[in-house]
2 protein chains.
Amino acid sequence: MKICIIGSTGHYNYVLEGLKGDHAARIAGVTPGSKGERVDSLYSIIKKDYPGARLYDDYCRMLDELNPDIAVVCCFFGDHAKVASEVLKRGIHLFVEKPVATTMEDLHMLKEMYDKSGVLLAAMLGLRYAPWFLAAWKTVKEGKIGQVRLMNAQKSYKLGNRGEHYKKRETYGGTIPWVGSHAIDWIYWFSGKKFVSVYSSHTNHFNSEHGDLEVTALCHFAMEDEVFASVSIDYMRPAAAREHGDDRIRVVGTKGIVEVRSSEAYLFSEDTGENISLSLPGGQSIFGDFLKEVRKEGKCLVSAEDSFYVTEACIKARMSADENRIVYF
Amino acid sequence: MKICIIGSTGHYNYVLEGLKGDHAARIAGVTPGSKGERVDSLYSIIKKDYPGARLYDDYCRMLDELNPDIAVVCCFFGDHAKVASEVLKRGIHLFVEKPVATTMEDLHMLKEMYDKSGVLLAAMLGLRYAPWFLAAWKTVKEGKIGQVRLMNAQKSYKLGNRGEHYKKRETYGGTIPWVGSHAIDWIYWFSGKKFVSVYSSHTNHFNSEHGDLEVTALCHFAMEDEVFASVSIDYMRPAAAREHGDDRIRVVGTKGIVEVRSSEAYLFSEDTGENISLSLPGGQSIFGDFLKEVRKEGKCLVSAEDSFYVTEACIKARMSADENRIVYF
C-alpha cells in the first residue's frame with residue numbers, strides 16, 4: 001500500500017499515527033500542495049521511518065510518477081478542493097483535510113469528480129475518534145438519551161502567532177469552516193438529522209493582527225424535526241492553558257443529556273439519576289480505519305457523503321455570517 | 001412600610017426572604033392577580049408572620065383600601081403588565097415578576113405609565129443575586145477578563161406537571177420570556193452591551209401534553225461591537241436530578257474566561273493560568289435591596305430600565321422564533 005502526502009499544513013499526524021505498526025503500508029512521497037508551502041520538516045520526519053520516501057515540488061508529477069494507492073491532502077485550506085480533484089481524477093483514494101472545499105463552486109466540482117472516480121474519500125474529521133466523543137456518540141446511538149432535541153457545541157482554541165495563510169480569507173477559508181467544522185460535524189453526527197437552515201455571526205475584532213481571521217463566531221442551526229443546535233467558536237483561550245483546545249458538546253434528549261468536556265464524557269438520564277462518567281474506548285484511529293476500508297477490512301466512521309455535507313454546512317454558515325442572513329439548505 | 005402581594009404564581013419567595021428580620025416592613029394584604037388564580041396557600045403562609053394581613057379578591061380594591069408603599073405583582077405572566085399598570089397609576093412602588101409584559105403593546109403601555117409615575121420599579125431578575133452569578137459578574141466588571149466578546153448562556157429546567165396557565169401562550173407568554181429572561185438578562189448585564197438583533201427558534205415538540213409550552217429554544221443575539229451570545233433553553237432536565245435547574249454562563253473576554261455552572265463560579269485568565277474557583281459573596285437579596293432603594297438607603301442591582309429592556313429582548317426573541325426571521329432592536 002503506497003501513500004503520498006500533499007502538504008504539511010493540516011492534520012498529517014492522523015496519517016503518521018494511523019500507520020504505526022502497519023508494515024504493509026508506506027509513505028512513498030511528500031510534496032507541497034500550495035504556493036509558498038514548506039514541507040521540509042514533515043519530510044525529515046518521514047524519512048526516518050520511510051527512508052525511500054521522495055520529496056517532490058509538484059503534486060501532479062508526484063501522483064503520476066509514484067501512482068500511490070492513497071493520497072493525503074492537507075495543504076493551505078483554500079487549495080484543498082483543487083488539489084483533491086487532481087487525486088480523484090487519477091482514481092486514487094483520498095484522505096483530505098476538512099473542509100474539503102472553501103467555496104460552493106469548489107465543493108460542487110469536487111463532488112462531481114468524486115462521483116465519477118469510484119474511489120474512497122474521507123475528510124479529516126478526526127475528533128470523532130477522540131475517545132470522549134466516541135463514548136458520548138455511542139451512548140446517544142444506543143438510545144440512552146432518547147431522541148436528540150437540542151445541542152450546544154463549543155470549539156475554543158489558543159490563537160498564538162499564526163502563519164500568513166491564516167490571515168487571508170482566500171487561503172484560510174474562514175474560522176467557521178476551519179475550526180467550526182468539527183463542531184458542525186458533531187451536531188450532524190450525534191443527531192443524525194439533516195440541516196434545515198443556519199444563521200451565523202463572526203468577527204475579526206481583537207484578532208491580534210491576524211488579518212481576516214475571525215476570532216469569535218456563533219452559529220445557530222435548525223435541523224429536521226425542529227432540533228436546534230448552537231456552535232460557539234473562539235480563538236480566545238488563554239495562552240497559559242495547558243491544553244490547546246476546549247472542545248465541548250451538550251446533547252439534550254427526551255430521556256437524558258450527554259456531555260463532553262475536559263476530555264471526559266458524561267451521561268445524565270432518568271436511569272442514572274445523576275451525572276455519570278462514561279468509560280472511554282481506545283485503539284481506533286481515523287486513518288487506521290480509512291486504511292481498513294481501502295483494504296475492504298472495515299469502515300471509516302467518516303464517509304464521503306459526511307465529508308461533503310459537513311463542508312456544505314460550514315460554507316453556508318460562513319455565508320450567513322458574511323451576508324447577515326438566514327441561509328437554507 | 002406596607003407591602004401588598006398580587007398573585008402567587010411567580011417568585012414571591014424573593015419577598016418573604018427579603019423581609020426576614022426587617023421589623024419596619026410588613027405584608028398587609030394578598031389577592032389573586034389573574035382570573036382563576038388561587039392564593040390560599042400563600043395567604044396561610046403569610047398569616048403566620050403577619051397576622052394582620054388581609055385576603056382580597058380584587059387587586060384594585062386592595063390597592064385603594066390599603067394604599068401600600070410597595071406592591072408585588074406575580075400573577076399569571078400574561079397579566080403582569082395590566083396589573084402592574086394599576087399599581088403605577090396609584091403612585092405605588094412596584095416589584096414585579098419578569099417578564100414585565102408579554103407583548104410589545106403592553107410593554108409600551110407600561111413604560112409610559114412608569115415614566116409618569118415617579119415611583120421605583122424592579123423586575124424579579126433575582127438570579128443576579130445568586131452568589132455564583134454575582135461573583136462572576138463582579139469579576140467581569142473588575143476587568144479580569146478584559147473586554148467581553150462572546151457569551152454562551154444556558155437555562156435547563158425539569159418540566160414536571162405544570163398548571164393550565166403554562167399551557168396557553170396567552171397566559172404563559174412563552175418559554176423564551178419566562179425561562180429565558182434570566183439568561184437574556186445575564187448576557188446584557190455581564191457585557192453591558194445593547195442588543196442589535198436576535199434570531200431564535202423554539203418548539204413545543206415532546207412537551208408531554210403541555211399545550212403551547214415550548215420545551216426547547218435557542219436564541220442568537222448580536223450585540224454592540226460585534227459581541228455575540230447564545231441562549232439555550234430547555235425543560236428537558238431529568239426528573240431524577242437533585243436541583244431543579246442547571247443554570248450556566250460562559251463569558252469569553254480578551255484576557256480570560258469566566259464561567260458559572262453547578263452553583264460555582266470560575267475564572268480562567270492569563271494571570272490565573274488555570275481554572276480557579278471564585279469565592280462566593282453572601283447576604284444580599286433582591287427584595288432586600290429594593291426595600292433599601294425605596295428607603296433611599298441603597299440601590300437594587302435591577303433598575304426599571306433593565307427590567308424594560310430585558311423584557312423587550314425577550315419579546316423580540318420570541319417574535320423571531322414565531323416568525324422565523326431576524327428581529328432588530
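**Entry 1: two helices in chain B**

I started with who meets whom: in chain B, B:G180, B:S181, B:I184, B:D185 and B:Y188 of helix 9 meet B:Y309, B:V310, B:A313, B:C314 and B:A317 of helix 11. I sorted that contact by class and got 7 nonpolar, 2 polar and 1 charged residues. A reminder to myself before going on: this is a predicted model.

Next I checked the geometry. In chain B, the axes of helix 9 (residues 180–191) and helix 11 (residues 304–323) come within 9 Å and cross at roughly 120°. That makes helix 9 of chain B oblique to helix 11 of chain B. I also noted the hand of the crossing between helix 9 and helix 11 of chain B, which is right-handed.

Helix 9 of chain A passes helix 11 of chain A in a right-handed crossing. On the helix 9 side of chain A I found A:G180, A:S181, A:I184, A:D185 and A:Y188, and they meet A:Y309, A:V310, A:A313, A:C314 and A:A317 of helix 11. By class, this chain A contact divides into 7 nonpolar, 2 polar and 1 charged.

**Entry 2: helix 11 of chain A has another partner**

At what angle do helix 5 and helix 11 of chain A cross? I read off roughly 170°, with the axes coming within 10 Å. That makes helix 5 of chain A roughly antiparallel to helix 11 of chain A. From helix 5 of chain A, the contact uses A:M104, A:L107, A:K111 and A:Y114, while helix 11 of chain A brings A:A304, A:F308, A:T311, A:E312 and A:I315. I count these by class as 6 nonpolar, 1 polar and 2 charged residues.

**Entry 3: two helices tucked inside chain A**

Helix 4 (residues 80–89) of chain A has 7 of its 10 residues buried, so it is largely enclosed by the rest of the structure. I listed the buried ones as A:H80, A:A81, A:V83, A:A84, A:S85, A:V87 and A:L88. They pack against strand 1, helix 3, strand 4, strand 5 and helix 5 of chain A.

After helix 10 of chain A comes A:K296, with a positive phi near 60°.

**Entry 4: the core**

Which residues touch the most other members of the largest nonpolar core? Of its 231 residues, I found A:V72, A:V73, A:I187, B:V72, B:V73 and B:I187. I followed up B:V73: beyond four places away in sequence, B:V73 touches residues including B:I6, B:H80, B:V83, B:V87 and B:L94. The usual background: in soluble globular proteins, nonpolar side chains tend to be buried together.

**Entry 5: where the chains touch**

29 residues of chain B are in contact with 29 residues of chain A. On the chain B side, the elements giving two or more residues are strand 7, strand 8, strand 9, strand 10 and strand 13. By class, that side has 13 nonpolar, 12 polar and 4 charged residues.

I also picked out B:M223, found in strand 9 of chain B. B:M223 is buried, with 23 other C-beta atoms within 10 Å.

Most residues other than glycine have a negative phi, and most peptide bonds are trans.

- The peptide bond from A:K98 to A:P99 is cis, with omega near -10°, and A:P99 sits in the loop between strand 5 and helix 5 of chain A.
- The bond from B:K98 to B:P99 is also cis, with omega near -15°.
- A:E209 is not a glycine but has a positive phi of about 60°; A:E209 is exposed, with 7 other C-beta atoms within 10 Å.
- B:F206, not a glycine either, has a positive phi of about 60°, and B:F206 lies in the loop between strand 8 and strand 9 of chain B.

Key
Residues are numbered from 1 along each chain as its sequence is written. Chains are lettered from A and ligands numbered from 1 in the order in which they are written. This is a predicted model: local features need pLDDT of at least 70, side-chain atom pairs count only at pLDDT 80 or more; totals for chains, interfaces and linings use all residues. A nonpolar core is a set of buried Ala, Val, Leu, Ile, Met, Phe, Trp, Tyr and Cys residues joined through C-beta atoms within 7 Å. A residue is buried if 20 or more other C-beta atoms lie within 10 Å of its own, exposed if 12 or fewer, and partly exposed in between; C-beta atoms are placed from the backbone. Two residues are in contact if their C-beta atoms, placed from the backbone, lie within 7 Å. Helices (H or I, at least four residues) and strands (E, at least two) are DSSP runs, numbered from the N terminus. Ala, Val, Leu, Ile, Met, Phe, Trp, Tyr, Cys and Pro count as nonpolar, Asp, Glu, Lys and Arg as charged, and the others, Gly among them, as polar. Axes are lines fitted to C-alpha atoms, for helices over the stretch in contact, and angles run from 0 to 180 degrees between N-to-C directions. Angles under 35 degrees count as roughly parallel, over 145 as roughly antiparallel, 65 to 115 as roughly perpendicular and the rest as oblique. A crossing is left-handed if the near helix is turned anticlockwise from the far one by less than a right angle, and right-handed if clockwise.
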